[in-house]
Amino acid sequence: MKKTLVIMATVLGFASGLTAQNNDEMNKKAAGIVSKMTLAEKVGQTAQISIDLVCKGTDTPPTSTLQLDLEKLREAIVEYHIGSILNSPNTRARTPEWWTKTVEQIQSVAMKETRVKIPVIYGLDQIHGATYTAGSTMFPQEITVAASWNPVHARKMGEITAYETRASNVPWTFSPVLDLGLDPRFPRQYEGFGEDPYVGAIFGRELIKGYEGDDNNIGNPHKVAACMKHFLGYSAPISGKDRTPAYIPDNVLREYHVPAFQAAIDAGVHTVMINSGIINNMPVHASYELLTTLLREEMGFQGMIVTDWKDINKLYSRDKMVPSIKEAIKVGINAGIDMSMIPIAYKEYCRLLTELVNEGQVPMSRLDDAATRVIALKLKLNLFDVPNTYRENYPEFNSKAYQQASYDAAADGITLLKNEGNVLPLKKGAKILVAGPNAVSKRSLNGGWTFSWQGEKIDEFASQYHNLLDAIQLKFGKENVSYVPGVSYTNETKWDTEHKDKFDEAIAAAKNVDYIVLCLGENSYCEKPGDLNDLYLNELQTELAQEMFKLNKKVILVLSEGRPRLISKFSSKLDAIIQTYLPGVYGADALADILAGDVNPSGKLPYTYPAFPNSLVPYYHKYAEEQVNTDAAYNYEGDYNFEYPFGYGLSYTTFAYSNPRINKAELPLGSNEDILISIDVTNTGNREGKEVVQLYSSDLYASLVPDVKRLRRFEKVTLKAGETKTITFKLNVNDLSFINLDNKRVVEPGDFVFQIGSSSDNTGNKIAFAIK
């Protein structure tokens, strides 16, 4: 039998003993409060409702009479003891002053008019900045932040979002998204950090530390409680469509999907939201094995578990696994749910859960546990003592420094994918035609969760920010930059609404310019409305590109999209390709600076950009039979056909790698010694640039078919022209482990190869290593 080392799972504690002690004290205090509560009060604390239920008035911009309906509010909080409220009315952003007044009224009712005087916890989807706060500092989406390969941007985004969310009198954000971005068909891929588990773990940790602080003291009025989501396996449905079934073996869940969530738990995250979908025929909201055995017992999560939208009810209404709503509540709460995002029919929920407890179908101990976790969270947020925070105490709200941080994240993430003949940077004074639907669409630069759910309301809140056309005209001179759309979007909320718009005029205008900048990609969408049936770039945009090629002009493609839409039908004809992903409100300015050469691009793909619809696999795919087309048009291995590989991105300078070395060529099984791997990186060009140095490993033979390679470490380094720096990575034998079919993390003896390079497909610097 092959000898292996089983690695026991360890769960890191809070940042310090003092913090852990305070955490224990908060939990004991919460249990004491719960012990004095009635059954109805306990049940109410586990209920979360939408604010739309307790509002009245009209909400038609530019005027709004929307306000709280105090009679309905009192019914929810005083009579039904509701513990939490979420969302923004009509999914439209509100001013910090509106939020302050509204939440203050809610807290006044909760703390002055109820017997137990427990504050409400308000939660918002502040996803890439303070989504639902008008005037906030909106950042790039997580996928663009990941493309920077610079975790400092995740930390800064978390810090600023927490600050501006607290300025809105809200202490809880439903972020970060830690779903693995395996499938480019999935409409929420842009909300996460890409396809690699290690990248997701590193960036997720930094975002959480930004939200909660290094000490996880969420009572700090500049910090919020984070909510890792969506536990677990949400982003890998068979269909590629949101909230549809997935089939994921247990060892695969643990190998690829768990690491980012484990890193978040180790970072002290306080709450978790559950996957709305179904894994292996079991809705995750009903899975005791996932919510209690795995999440609580194996991974060590001690915080509060909240559902997603209506998801307990869906065990009955959608999944058909129980014969009634009552049975759905029973299954969900007993599986481990602490708080149900109902979000509408709260009276039914409260009545049925009360019946279940009285009948003994939900043990009182389980309800006490859930209510205690809810109360403990409120104590840790210091809501009992300081239930409100006020805008006037947050002078840095949307400050110049915060705006610069958003711009920096966009500029660091935008990725140059092609630059034939060094067509970029564009020559000053040249004549440029800007065309395509994304040229004037702020929706397409920001995506969903931008001042509204679907991002369609952005023009109400973002008049001061530039679209791509604005930014390019400002950079190159309006007299040098013309615009004819060719294809445009409608103003409908629905995202796939493109139509021809002066199509022939755009082709005619292109004849009289030096460069054509095609701004293509996607309109904004979020969740289920973003499902698609065809991953290829939409037909009208493809037609526009193909017509432009006939003119023999230099064509630069600027992509703004939430997922990699396929461009293989015409990509070979493009002179340059820039992927902006969803770069946020300063993304257009960053893009213009890159086009002009004022910023040297340094982003790298956080996912594999597929070439074809039947090659949607990540870089860490398994070995497969070689396939070579008979016409020799393509040479590719197995099912891994990329347009551009994971980790790929160009610069306006060039880099060379040399002298790879390791401190230990072999180590014994079970060794705790550090493995130090070094390489020299030189900027061989004539201008300063940034390079992302990537370390991969390959297990040459294993008891399970090994991945072709896995990313183990990375570092982004700035090099002046001609400068050389030595990059050293530290890891250990356990970093070469994997999850076996017994769901145990093991290290096996054998031969490995470390590979260093500029992308997953360019790792020519190899070092042999062995575990004996």
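The lining of the second largest pocket comprises 14 nonpolar, four polar and five charged residues, where Ala, Val, Leu, Ile, Met, Phe, Trp, Tyr, Cys and Pro count as nonpolar, Asp, Glu, Lys and Arg as charged, and the others, Gly among them, as polar. The volume of this pocket is about 570 Å³, that is, the space filled by probe spheres set on grid points joined across faces, edges and corners. Of its 23 lining residues, Leu 182, Val 252, Leu 616, Val 617 and Pro 618 are the closest to the centre. A pocket here is an open set of points on a 1 Å grid over the protein atoms alone, where a 1.4 Å probe fits, with protein on both sides within 12 Å along at least five of seven lines; lining residues have an atom within 4 Å of a point.

The model is predicted, so local features need pLDDT of at least 70 and side-chain atom pairs count only at pLDDT 80 or more, while totals for chains, interfaces and linings use all residues. Residues are numbered from 1 along each chain as its sequence is written, and side-chain values use heavy atoms, with hydrogens and water left out.

Buried means under 20% relative accessible area, with a 1.4 Å probe and protein chains only.

Helices (H or I, at least four residues) and strands (E, at least two) are DSSP runs, numbered from the N terminus. In helix α11 (residues 325–335), the buried residues are Ile 325, Lys 326, Ala 328, Ile 329, Gly 332, Ile 333 and Ala 335. Their cover includes α9, α10, α12 and α13, with contact taken as heavy atoms within 4.5 Å.

An open sheet of five strands has the order β9-β8-β7-β2-β15, with parallel pairing; two strands pair if DSSP finds at least two bridges between them. Its edge strands are β9 and β15. Three bridges link β7 to β8, and Leu 86 stands opposite Gly 123. Elsewhere, β16 (residues 415–419) has five of its five residues buried, so it is largely enclosed by the rest of the structure. Four bridges join β16 to the antiparallel β23, where Ile 578 is the bridge partner of Leu 416.

Notes: Buried means under 20% relative accessible area, exposed over 50%, partly exposed in between (1.4 Å probe, protein chains only).
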